Amino acid sequence: MSRQAEHLFPPLWDAFGSGLPSPDLNGVAVEMRAGQVLLVLLAASAVMPAKDPLLNVCMDAKHHKTKPGPEGMLHGQCAPWKDNACCTANTSSEAHRDQSYLYNFNWNHCGVMPPKCKRHFIQDTCLYECSPNLGPWIDQADSSWRRERILHVPLCKEDCEEWWEDCKDYVTCKDNWHKGWNWATGTNRCPWGSICRPFTEVFPEPKDLCEKIWSNSYKYTTERRGSGRCIQMWFDPAKGNPNVVVAKYYAWKKRSSPVGMENVTLEAGKAVCALPWPVLVLLPLALVLLPEEARCGPPAWGSL
């Protein structure tokens with residue numbers, strides 16, 4: 001290791017010293033050296049915690065806070081998020097109004113929406129505005145009023161089916177409530193020429209409702225509440241927020257899947273390939289410390 005490396009990474013220098021084995025190591029020494037590097041990098045990751053950008057975050061949208069945090073009190077159905085929320089108390093109160101300043105959206109565009117149906121739309125709004133656990137599904141938005149949105153959030157089976165069941169007697173004129181309305185009066189009205197039809201015609205199945213109504217913000221799943229694999233709109237805050245674990249699972253899955261890490265295992269001489277993601281900042285140094293035989297990746301062309 002160079003003197004510059006000794007200065008920049010004294011713990012690593014102390015661990016390996018200047019007496020590093022020569023390049024003509026035998027197999028045992030190579031594995032020992034790889035193990036030493038792995039141990040040092042794991043120790044470094046323990047003292048250098050990195051914030052996961054997909055966890056405990058608020059999206060960049062119209063009414064969201066920049067960072068989640070406790071709110072002294074949130075209104076009504078938004079109360080489960082009061083300990084750690086992306087919404088303010090005022091936003092939570094407006095979420096319960098028939099036509100609030102949040103988006104000037106009128107739930108009663110085809111007559112009065114039944115209370116048993118409306119409560120699901122209120123809960124949907126609370127989840128969207130208040131939850132800090134939607135990071136794995138935040139995506140860029142192509143609209144003037146927000147920079148980010150959620151896309152394909154896996155909604156628990158019960159949440160989606162109960163939503164549809166309680167709203168099936170209502171009527172609406174559109175299957176996508178994100179766009180296509182007549183805003184001539186400043187609030188949403190059915191487009192010219194459209195007619196109000198029963199929910200069961202516009203959304204024949206629960207899946208249609210959950211996936212179509214907000215441009216695929218949600219994805220219908222067969223996962224159930226408490227499985228740790230789906231987001232719950234409804235939960236008992238006294239038992240904790242179950243969506244924290246769900247977000248962690250999908251954040252891990254999102255980090256690992258695109259780079260083909262799902263099936264990586266720790267093998268002798270290739271342990272560095274499966275290091276936790278915060279350690280990746282130290283991988284260039286690890287590759288300097290490890291001889292070629294112990295490095296991960298495809299073999300050199302000469303060995304094929």
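## Contacts and the overall model

A contact here means heavy atoms within 4.5 Å. With that in hand, P198 touches Y170 and V171, leaving out residues up to four places away in sequence.

The protein has 10 helices and six strands. Of its 304 residues, 44% are buried. The exposed surface comes to about 16400 Å², with carbon and sulfur atoms supplying 56% of it.

The average pLDDT of the protein is 76, and 67% of the residues score at least 70. Residues 1-23 have a pLDDT below 50, and this stretch makes 24 contacts in the model beyond near neighbours in sequence. Another stretch to watch is residues 259-277, where pLDDT stays under 50 and the model has 33 contacts beyond four places in sequence. Where pLDDT is low, the predicted coordinates should not be read in detail.

## The nonpolar core

The largest nonpolar core has 51 residues, of which F121, W163, W177, W214 and Y218 touch the most other members. At least two residues of this core come from each of α5, β3, α6 (157-167), α7 (199-202), α8 (206-212), β6 (218-220) and α9. Helix α5 gives the largest share, seven residues. In soluble globular proteins, nonpolar side chains tend to be buried together.

Setting aside its neighbours within four places in sequence, W214 is in contact with F105, W107, F121, D124, R149, W163, W177 and H178. That list brings in the core residues F121, W163 and W177, and also includes D124, R149 and H178.

## Helices α5 and α9

Helix α5 (115-130) has 16 residues and reaches 22 Å from its first C-alpha to its last, close to the 22 Å expected at 1.5 Å a residue. Because 13 of those 16 residues are buried, α5 is largely enclosed by the rest of the structure.

Helix α9 covers residues 243-256, and its 14 residues should span 20 Å at 1.5 Å a residue; its end C-alpha atoms are 20 Å apart, which agrees. Its buried residues are N243, V246, A247, Y250, A251 and S256.

S92 sits in helix α4 (residues 89-94). S92 counts as buried because its relative accessible area is 0%, under the 20% cut-off. Not counting residues up to four places away in sequence, S92 touches L74, H75 and C78.

D52 belongs to the loop between α3 (27-47) and α4. With a relative accessible area of 10%, D52 is buried too. Its side chain reaches the backbone nitrogen of L54 at 2.9 Å.

P198, back again, lies in strand β5 (residues 197-198). Its relative accessibility is 32%, so P198 counts as partly exposed. P198 and D169 are 29 residues apart in sequence, while their C-alpha atoms are 6.5 Å apart in space.

Definitions and conventions: Residues numbered from 1 in each chain as written. Predicted model: local features only at pLDDT ≥ 70, side-chain atom pairs only at ≥ 80, totals over all residues. Heavy atoms only, no water. Helix = DSSP H or I, 4+ residues; strand = E, 2+ residues; numbered from the N terminus. Buried < 20%, exposed > 50% of the residue type's maximum accessible area, 1.4 Å probe, protein only. Areas by Shrake-Rupley, 256 points an atom, 1.4 Å probe, with all protein chains shown as cover. Expected span 1.5 Å × (residues − 1). Polar contact = N/O pair within 3.5 Å; in protein donor to acceptor, adjacent residues only side chain to side chain. Core = buried A, V, L, I, M, F, W, Y, C linked by side-chain atoms within 4.5 Å. pLDDT = per-residue confidence, 0-100.
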